[in-house]
Amino acid sequence: YGDGQIMGLIRYVSSLRLVDRQGTYNILIALGIGLGLLLIVFLTNLVFIRSIVTPIGEVTAMTRRIADGGYGSQIENKYEDEMGEMVSAINDLSIQISHSEKVKTEFISSVSHELRTPLTAITGWAETLSYDESLDGETRKKGMEIILEEARRLTNMVEELLVFTRIEDGRFTVSIEKLDIEAELEEGVLTCR
């Protein structure tokens, strides 16, 4: 400027190639760091999810096996966290169910055997009394007494089974009363004489 007028111009030109290169370099570094962080997050999530999904898959398979009747089956407990506690609980449950099933099977076998004996006696004497008309009065009376005795025995067994069922269902209540054992024993001795 001179005398209030433009006297001349200066034009300064500079290459922005270095600035562009630095900007590109910074963008690539930011993208690299971002992708690296995403990869780290992905891998840690993958490991974390597998640490949960794999044990849950094992537990699910075992509970299905137990539900299908594989009582007593065990899961290898290699976990130190809540999953380990759950595996221990399922293992304990499996053992308890196995024990209960064994007791139930033995009980049913024993009950079947015990019920068969009086039923055989009742059936035998009922058939004898029905088909053999040559029996004298004393033999008929003895047969009827045996039938009645075995029927009472069956009734007692059925009542005991019902009590057992109530106990299993939790519908059984126990009432505790004081008992004079000495008086009961004396009464028992007097009754036996």
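The points below are grouped by topic.

This is a predicted model, in which local features need pLDDT of at least 70 and side-chain atom pairs count only at pLDDT 80 or more, while totals for chains, interfaces and linings use all residues. Residues are numbered from 1 along each chain as its sequence is written, and side-chain values use heavy atoms, with hydrogens and water left out.

**Surface patches**
- A nonpolar patch on the surface is formed by Tyr25, Ile29, Ile33, Leu37 and Ile40, which together have about 500 Å² of accessible area (Shrake-Rupley method, 1.4 Å probe, only the protein chains shown counting as cover for residues).
- Patches are made of residues with over 30% relative accessible area and no salt bridge, like charges being joined within 9 Å and nonpolar side chains (Val, Leu, Ile, Met, Phe, Trp, Tyr) within 5 Å.
- Ile33 belongs to helix H1 (residues 17-67), helices being DSSP runs of H or I with at least four residues, numbered from the N terminus.
- Ile33 counts as exposed because its relative accessibility is 51%, where exposed means over 50%, buried under 20% and partly exposed in between (1.4 Å probe, protein chains only).
- Asp180, Glu182, Glu184, Glu186 and Glu187 make up a negative surface patch, with Asp and Glu counted as negative and each charge placed at CG of Asp or CD of Glu.
- Glu182, in helix H4 (residues 181-192), is exposed at 56% relative accessibility.

**Salt bridge**
- The count comes to one salt bridge, defined as a side-chain nitrogen of Lys or Arg within 4 Å of a carboxyl oxygen of Asp or Glu.
- Arg153 pairs with Glu150 in a salt bridge whose closest N and O atoms are 3.2 Å apart, and both residues lie in helix H3 (residues 137-169), three residues apart, about one turn of the helix.
- Arg153 is partly exposed at 32%, whereas Glu150 is buried at 10% relative accessibility.

**Buried serine**
- Ser94, in helix H2 (residues 82-131), is buried with a relative accessible area of 0%.
- Neighbours within four places in sequence aside, Ser94 is in contact with Ile66, Gly70, Tyr71, Gly72, Ser73 and Gln74, contact meaning heavy atoms within 4.5 Å.

Note on methods. Helices (H or I, at least four residues) and strands (E, at least two) are DSSP runs, numbered from the N terminus.
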